[in-house]
Amino acid sequence: MTQKLYEKDSYCKSFSAKVINCTEKDGFYYVELDQTAFFPEGGGQAPDQGFLEKTEVLDVQIEDGVILHKVRESFTTGTEVVGKIDWELRFSRMQSHAGEHIVSGVVHSLFGYDNAGFHMGEATMTVDFSGPLSKEDILQVELEANKAIYRNVRIYATYPSKEDLSKINYRSKIDPRDDMRLINIEGVDCCACCAPHPSYTGEIGLVKIVDFMPHRGGTRVTIVAGINAFKDYSFIHDSNKQLMGMLSASRDNVVVAVERQMTLVGYIKAENQKLSQELALCKLKPVMVNGSAYNIFQGLTYDDLRCCANSLTDTGVETCVLFSEKEVGQYIYVVSGLGDRVDSIVKALNSGLNGKGGGRNGYAQGRVSDTSEEFIVKFIEELL
């Protein structure tokens, strides 16, 4: 059994240890030490990174109490080695994990929901709660979680006996056992957990819920905490500063300025569509074949073609087939008219012109490829 220094001292950044065993597999070496500060993957948290001597630790896993450090170089059994963890990464994960405990504890306290799933990424965390949460609920949870951080209460681990566990109210799906490790956050949460945590909530700094959504009858919440919350705020701040410059807007007026620009863009798009359709109608010179019509354009949109199709059917044309070349050999099409007739034409276009498309209620659209205007003219005249 490897002695777990990270459980006794979360702030242990370097340590000395004796190599108990070193085995080779698939070109990598797996080193067992008598003690380690490297946290192995577990509890939704990725393993620590760092070095054994000058060799990078690529992965850390625990198997039957034995912690294995994956490296690229061999170590001699019985020798003393120095391990150094990536402290900046470790501390950010400590902040994040403790932040998740606080949020989960607050949700459980306010609403009685359980933490049904947890994943910690390098920047964000997702937590699945067993019940629904509204926007107002999320705001309340976020506020109470940060109040717990501001109070700077103690975070500490206990190892109660299996008998004592029955007397303790804690959050966990783990069956009681004698080596259970509980993380206690005074007045906020008590939960079984194997990961290292800071000693006080104030070290977390900030918790922010950046997103939430319904998930399997409950709620999936996305959280940032600690240094990751600071980085997230910095990114949003810098983005807002850029928007302020682009829109000539004050800090508190960016949303109003964006709404104003979106209204203007909407008006311009509507005017552009109107002019585009008027131009399309000016270009419309349909070729009549047995009471049906076809036309081939250049650079029109589906909306333009639809406008022209409506114009033709309004004049009594039973069926119209309109094409527009978007790129060399690539055409979009619109078919309008009686339902059964439209269906048969679309099937023929897709089959004979390497096309894809469909529709209903007497209207269809799609695209054909690897063809030419001359071939389309010949094909459509024979079809109609």
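Leaving aside its neighbours within four places in sequence, which residues is Gln 330 in contact with? Hi everyone, let's begin there. Gln 330 is in contact with Ser 324, Glu 325, Val 368, Ser 369 and Asp 370, where contact means heavy atoms within 4.5 Å.

A quick word on the model. It is predicted, so local features need pLDDT of at least 70 and side-chain atom pairs count only at pLDDT 80 or more, while totals for chains, interfaces and linings use all residues. Residues are numbered from 1 along each chain as its sequence is written, and side-chain values use heavy atoms, with hydrogens and water left out.

Back to Gln 330, which lies in strand β20, residues 330-336. Helices (H or I, at least four residues) and strands (E, at least two) are DSSP runs, numbered from the N terminus. Gln 330 has 24% relative accessibility, so it counts as partly exposed. From Gln 330 to Pro 47 there are 283 residues in sequence and 52 Å in space, C-alpha to C-alpha.

Now please find helix α5, residues 227-247. The expected span of a helix is 1.5 Å times one less than its number of residues. For the 21 residues of α5 that gives 30 Å, and the end C-alpha atoms are 30 Å apart, which agrees. Asn 228, Ala 229 and Met 244 are buried in α5. They sit on the same side of the helix, because they cover an arc of only 155° around the axis; the arc is that of the directions from the helix axis to the C-beta atoms. On the face turned away from that buried side you will find exposed residues, including Phe 230 and Gln 242. The buried residues of α5 pack against α2 (87-111), β16 (218-225) and α6 (254-283). After α5 comes Ser 248, with a positive phi near 55°.

So what about α2? This helix is mostly covered, with 18 of its 25 residues buried. Gly 112 follows α2, and its phi is positive, near 80°.

Last stop: in the largest nonpolar core, of 49 residues, Phe 15, Leu 52 and Ile 102 touch the most other members. A nonpolar core is a set of buried Ala, Val, Leu, Ile, Met, Phe, Trp, Tyr and Cys residues joined through side-chain atoms within 4.5 Å. A second, separate core of 20 residues includes Ile 345 and Val 368.

Technical notes
Buried < 20%, exposed > 50% of the residue type's maximum accessible area, 1.4 Å probe, protein only.
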